[in-house]
Amino acid sequence: DWNANLIRWQLVRHGRQGQSIAMEEYNAWLENELGKLNVALPLCEQNGLYVVVDLHSPPGGKVTSGGYAGSDSRLFTDKACQKRFVEIWEHIARRYKDSKAVWGYDLANEPVEDYVEEGCDDWQALAERAARAIRAVDPVRTIIVEPASWGGPDGLNDLVPLPVSNVVYSVHMYIPHSFTHQGVYGSGPALSYPGVIDGRHWDKAALERALQPVVEFQQTYGVHIYIGEFSAIRWAPGDSAVRYLSDLIDIFESHGWDWSYHAFREWHGWSVEHGPDRNNTKPLPAPTDRQLLLRKWYSQNQKPAW
């Protein structure tokens, strides 16, 4: 109905903060999640939706304060986890290499390699191993790589393009974080955009400067850029959220970047179908200004030609 043409399908494991699970339990969880994707793919094909398969919770990750297991911890300290990570992508590629709807494989959501154990690969090397394993099975589908740490724009300063065909580079944009995530993890001052945030004035020009590493990476290497996530919490003061989103999309479009909004019917805090009252957790009967903004851009989408 919105003329969307892509969904980033998150393979995400939830649990208690700090919790890690044994590999056998992880494998069972993953197969169950892939079973759900199997059910969804024919519907996506029928409705003209490409799918990015996002391994939001690779093996070895601990559950964050956000309630999901991330791309951290044992992924960079345990060789067995790294081996399993590569095997998983070979398995996923073999499973979906003939799927019309699958556009690409997002190797790991917001990888965090704060510490890399001796004998283990850093993210650059591990991503290349996984990409080569995919290419041995599936020579066609897009491979999507986010930079460490946390997939932010600055991470591209330390990333080098992989020597593998058809790789797209992706960042997530939540800068300034204290604005986009205000009230998510606790109380604090109400922050408006544009305006002074963390002692500095933020406007469209400031957002463009924050995204400069992405611009430079694209220009230096001639690569394809995909903004896999961006958002602003729905209860940001006044029309701050829609102004922030509008400025970002203008920037993305000016550079020819693809993008997907985070998120559709996941958590009400990011929902464009919910209004600015954080205590009202029901969708509004009429479209919000944020929903209208997205739908304006989606109306220009081209549907896949299967």
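Visitor: At roughly what angle do the axes of α7 and α8 cross, and within what distance do they come?

Guide: This is a predicted model. In it, the axes of helix α7 (residues 240–254) and helix α8 (residues 289–298) come within 9 Å. They cross at roughly 15 degrees.

Visitor: Why are α7 and α8 called roughly parallel?

Guide: Angles under 35 degrees count as roughly parallel. The axes of α7 and α8 cross at roughly 15 degrees. Therefore the two helices are roughly parallel to each other. Their crossing is right-handed.

Visitor: Which residues of α7 and α8 meet?

Guide: On the α7 side they include A241, V242, L245 and I249. On the α8 side they include D289, R290, L293 and W297.

Visitor: What makes β8 largely enclosed by the rest of the structure?

Guide: Count its buried residues. Buried means under 20% relative accessible area. In strand β8 (residues 224–230), six of the seven residues are buried, so the strand is largely enclosed.

Visitor: How do you know that β8 pairs with β5 and with β9?

Guide: Two strands pair if there are at least two bridges between them. Strand β5 (residues 167–173) and β8 have six bridges, in the parallel sense. Y169 stands opposite I225 in β8. Strand β9 (residues 258–259) and β8 have two bridges, again parallel. There, I227 has W259 as its bridge partner.

Visitor: What do β8, α7 and β9 make together?

Guide: They make a β-α-β unit, and it is right-handed.

Visitor: Why are β1 and β9 called edge strands?

Guide: Look at the order in the open sheet: β1-β2-β3-β4-β5-β8-β9. Seven strands form it, with parallel pairing. β1 (6–10) and β9 each pair on one side only. That is what makes them the edge strands.

Visitor: How many bridges join β3 to β4?

Guide: Three bridges join strand β3 (residues 102–106) to strand β4 (residues 142–145). At least two are needed, so these strands count as paired. They run parallel.

Visitor: Is H181 buried or exposed, and how do you know?

Guide: The relative accessible area of H181 is 12%. The cut-off for buried is under 20%. So H181 is buried. H181 is found in the loop between α4 (177–180) and β6 (195–197). Leaving aside neighbours within four places in sequence, H181 is in contact with Y174 and W270.

Note on methods: Residues are numbered from 1 along each chain as its sequence is written. This is a predicted model: local features need pLDDT of at least 70, side-chain atom pairs count only at pLDDT 80 or more; totals for chains, interfaces and linings use all residues. Side-chain values use heavy atoms; hydrogens and water are left out. Buried means under 20% relative accessible area, exposed over 50%, partly exposed in between (1.4 Å probe, protein chains only). Helices (H or I, at least four residues) and strands (E, at least two) are DSSP runs, numbered from the N terminus. A crossover is right-handed if, with the strands pointing away from the viewer, the path from the first strand over the helix to the second runs clockwise. Axes are lines fitted to C-alpha atoms, for helices over the stretch in contact, and angles run from 0 to 180 degrees between N-to-C directions. Angles under 35 degrees count as roughly parallel, over 145 as roughly antiparallel, 65 to 115 as roughly perpendicular and the rest as oblique. A crossing is left-handed if the near helix is turned anticlockwise from the far one by less than a right angle, and right-handed if clockwise. Contact means heavy atoms within 4.5 Å.
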